[in-house]
Amino acid sequence: MTLATILTVLIVLFVAVALFGAVFLYVYWWLIQRALPDLSGKLPLDGLTAPVEVLRDERGIPHIYAQNQADLFRAQGFVHAQDRLWQMEQNRRIASGRLSEFFGVAALEVDRFSRIVGFRRAAEAEVATLEPEIVAVLEQYVAGINGYIASRPGRLAPEFNLLRRQPEPWTLLDVLAFSKVMGWSLSVNWESELVRLQLANQLDPVLAADLEPDYPPQNPAISEALGEKSLRLVSTAGLLLSQYEQLQKWLGPAGPNQGSNNWVVGPKASNSGRAILCNDPHLSLTMPGVWYENHLHYAGRTNSPTYTGDFHVSGVTFAGAPGVVIGHNERIAWGVTNAFPDVQDLYIERAHPQRANHFAYGDGWEEARVIEEAIVVRRQTKPHIERVVITRHGPLIDRLVTSGAGVPLALRWQGHQPGRLIHAILGINRAQNWQEFDAALADWSVPAQNFVYADVEGNIGYRLAGDIPIRRAGLGLVPAPGWTDEYEWEGLIPHAELPHVYNPPSGLIVTANNKLTGDDYPHFLGVEYFPGWRARRIEELLREKRRLTLKDMEQIQLDTTSLYAAELTPILAAHQSSDPYVNIGVNLLRNWSHTMQAESAAALVFHYTLLHLLDMTFGDKLGPAKRGFLGGTLSPLFIISGFLHRAESRLLEILRENEESVWYTDAKTGRRRSRDELIGEALLLSVRRIRKEVNPTPRQWAWGRMHQIRYAHPMGSVLLLAGFFNRGPYPLGGDGTTPNQTSYAPELPPGLAQIVASYRQIYDVGDWDAARTITTSGQSGHPLSRNYADQIPMWLEGVYHPMPWSREAVEEIAVHRLRLGPVA
């Protein structure tokens with residue numbers, strides 16, 4: 001090789017390295033690093049009437065001190081935008097069906113879903129009903145967001161720079177629209193009705209109804225755990241049988257799950273002599289996380305004739321909305337879990353044979369409203385036009401789903417009605433006692449939630465809050481005929497009649513998405529609750545000690561023992577086999593304590609076997625209904641299913657009660673199997689797959705080798721950017737039945753956890769400086785911020801950080817001090 005050739009090669013390499021360095025520097029500094037916000041110093045904020053102080057600790061959690069209400073909420077909007085503006089932009093585009101403007105055709109189906117369901121239309125209807133005081137709060141809040149947007153053109157968030165797009169100003173409508181999305185994400189009955197419609201097309205009514213599990217009798221309903229007497233008389237299969245039979249008549253001949261935990265214990269069971277309140281809402285994993293921790297305070301002055309005095313509250317917020325959703329003020333603390341009542345119905349509409357968009361109702365025909373939604377798609381010259389047909393019951397969803405029924409299906413959802421959710425949140429933030437707290441919850445609309453309560457006087461309480469419809473006929477479990485008024489809604493269950501209790505004799509309240517009441521409760525609330533394994537385990541742990549400490553509460557939130565596994569495992573472990581690897585798997589199960597630790601080999605064998613049993617018992621017989629029945633969902637955005645864990649419960653019932661069953665049959669060959677043969681085949685298939693997919697050597701088997709958590713950001717799908725935006729994967733313990741819930745998609749091989757504890761809080765009520773909390777990732781949405789992922793190792797290891805309350809305690813941990821001032 002000549003000297004000239006060597007020099008040429010070196011020059012080419014130098015240029016290539018320089019170009020790569022320039023590109024990396026451009027991406028790293030100009031597009032990403034430059035967007036980091038100023039957390040210290042002084043900044044002007046137009047519209048403020050007095051200075052506002054924002055103190056942040058080493059986790060980046062802001063403690064905001066204002067001198068009046070208007071300035072406080074303006075500052076909260078500003079601070080939310082500092083840390084999470086991209087997340088807020090993404091959420092409002094989901095709500096408005098405008099993701100395609102940024103992401104192109106890849107996001108079109110999500111936009112179609114949002115436009116058809118009509119989150120923004122529902123928000124528009126609600127805006128017109130807002131009281132002036134709520135409008136004032138929202139206007140101040142969005143003014144803070146817009147103040148930040150105006151102050152940093154081109155330096156707002158790296159995602160905007162990478163996509164070469166900038167955000168539009170925020171409006172009140174943006175805040176309300178995303179609240180509708182959150183309400184929808186925790187309302188699951190519409191998909192359950194679709195699954196049952198598919199089951200009705202696939203099976204006869206008796207077999208379809210036989211798939212519905214009863215609520216496990218050994219697991220607590222919330223009302224029973226409070227010491228109330230109730231009856232367990234109703235068979236879920238019996239309820240559904242008549243529904244399936246009616247559904248077949250209406251259709252004619254057939255054509256060709258987010259959970260949470262919360263609990264509160266009274267002073268008598270507490271080592272400190274104060275009530276203890278805990279909450280860990282289980283939601284879909286996102287990056288950054290769903291929650292944003294915030295501490296808000298102003299003293300004395302407000303423009304509201306209704307709300308006077310100080311405002312002091314701490315907890316978690318949604319970036320994009322004012323106030324605190326879960327947390328405490330100086331007098332009370334509260335936590336929430338999803339209640340899963342039925343607030344959605346599908347109606348089978350009867351279309352006119354000749355006149356388009358006309359549907360039967362009563363003795364005549366009604367014309368539906370038709371809206372043409374124009375969806376702008378990046379890199380396409382023309383917008384996609386989505387024709388949304390809205391009947392008296394709601395939008396037709398046929399173009400979103402394949403039901404197999406060949407009939408128009410209209411969606412009715414309580415969230416389409418105007419609500420008072422922001423009013424309720426602000427009322428809770430200000431409540432000083434149980435009576436004021438309960439009055440505020442009377443305004444809570446969608447999603448319906450289980451609230452637990454505790455105050456500094458040692459009182460504890462529980463209240464189901466939300467707008468839950470009363471049906472004239474039927475149960476709302478399967479689609480109803482839309483051409484008659486027999487199945488219409490007639491008002492809401494009165495707030496006073498929703499389940500509630502104050503200072504129960506047990507001194508203990510636990511909710512974990514379990515059954516709400518006994519079967520003698522006068523109103524039908526639905527059947528989409530979870531089976532109660534987590535609730536029972538939490539109650540067991542709380543009753544183990546006479547005096548409970550905050551450390552005990554941490555251990556309960558982190559507990560990975562599965563009572564479901566404790567009941568199913570003996571049935572599996574009784575199997576005898578000649579296969580050496582099956583015997584190893586069985587021995588692991590026999591010696592197992594039913595804890596889903598990441599290093600557990602038995603947990604790995606259990607889950608592989610469970611998934612095979614579900615597929616061999618139900619999946620091979622259900623056709624297109626398989627995914628929904630096993631807990632899958634239609635949309636990747638909304639992954640909480642009403643059928644989540646129901647198939648597992650029914651499997652346990654069948655295996656425990658039947659040595660022979662039609663469900664054991666091999667659907668492909670028609671071969672009948674006994675229970676032991678079914679279990680033997682499932683175990684054999686499981687160990688073979690484990691040896692192939694995990695490791696051939698049993699000593700290397702571990703649940704965490706397959707069950708992991710990955711923090712994935714939308715921009716992380718680009719290879720060059722993945723290292724900036726994504727984190728993980730990390731091994732993880734738990735499953736969907738453990739108090740430390742880490743649910744995964746119900747398919748083989750078991751994969752990434754999808755639903756986890758999105759936030760953990762522990763309050764020794766009254767000793768607010770002792771509060772302990774943690775979120776899944778970090779406060780900041782900026783990938784180069786030290787607070788983008790600093791809470792991940794803490795969350796994984798079960799470590800909490802302090803959340804100080806008093807000004808003195810906040811000053812001690814403050815590392816950043818920002819002063820927002822009026823524009824001169």
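## A covered helix, a helix crossing and aromatic pairs

Helix α4, which spans residues 108-117, is mostly covered, since nine of its ten residues are buried. The model described here is predicted, and the buried residues of α4 in it are L108, V110, D111, R112, F113, S114, R115, I116 and V117.

The axes of helix α6 (residues 132-151) and helix α13 (residues 421-430) come within 10 Å of each other and cross at roughly 85°. An angle from 65 to 115 degrees counts as roughly perpendicular, and α6 and α13 are therefore roughly perpendicular to each other. On the α6 side the contact is made by I134, V137 and L138, which meet I422, H423 and L426 of α13. Sorted by class, this contact of α6 with α13 has five nonpolar residues, one polar residue and no charged residues.

The aromatic side chains come next. A pair of aromatic rings is described by the distance of the centres and the angle of the planes. A search of the whole structure finds 25 aromatic pairs. In one of them, the rings of W434 and Y453 have centres 5.1 Å apart and planes at 70°, so the pair is edge-to-face, given that planes over 60 degrees apart are counted in that way. This pair links distant parts of the chain, with W434 in helix α14 (residues 434-441) and Y453 in strand β16 (residues 449-455), 19 residues apart. W434 is buried, with a relative accessible area of 8%, and Y453, at 0% relative accessibility, also counts as buried.

Another pair is formed by Y564 and F606, whose ring centres are 6.4 Å apart and whose planes stand at 75°, so that this pair is edge-to-face as well. Here too distant parts of the chain are linked, because Y564 belongs to helix α17 (residues 563-573) and F606 to helix α19 (residues 601-617), 42 residues apart,. Both Y564 and F606 are buried. Returning to W434 and Y453, these two residues belong to one aromatic cluster together with F437, W444, F451 and Y502.

Finally, there are rings with an arginine over the face. R93 lies over the face of F102, at 4.0 Å from the ring centre, while R392 lies over the face of Y361, at 3.6 Å from the ring centre.

Conventions:
Residues numbered from 1 in each chain as written. Predicted model: local features only at pLDDT ≥ 70, side-chain atom pairs only at ≥ 80, totals over all residues. Heavy atoms only, no water. Phe/Tyr/Trp six-rings, centres within 6.5 Å; stacked < 30°, edge-to-face > 60°. Helix = DSSP H or I, 4+ residues; strand = E, 2+ residues; numbered from the N terminus. Buried < 20%, exposed > 50% of the residue type's maximum accessible area, 1.4 Å probe, protein only. Lys NZ or Arg CZ within 6 Å of the ring centre and 35° of its normal. Axes fitted to C-alpha atoms, helices over the stretch in contact; angles between N-to-C directions. Parallel < 35°, antiparallel > 145°, perpendicular 65-115°, else oblique. Contact = heavy atoms within 4.5 Å. Nonpolar A, V, L, I, M, F, W, Y, C, P; charged D, E, K, R; others polar.
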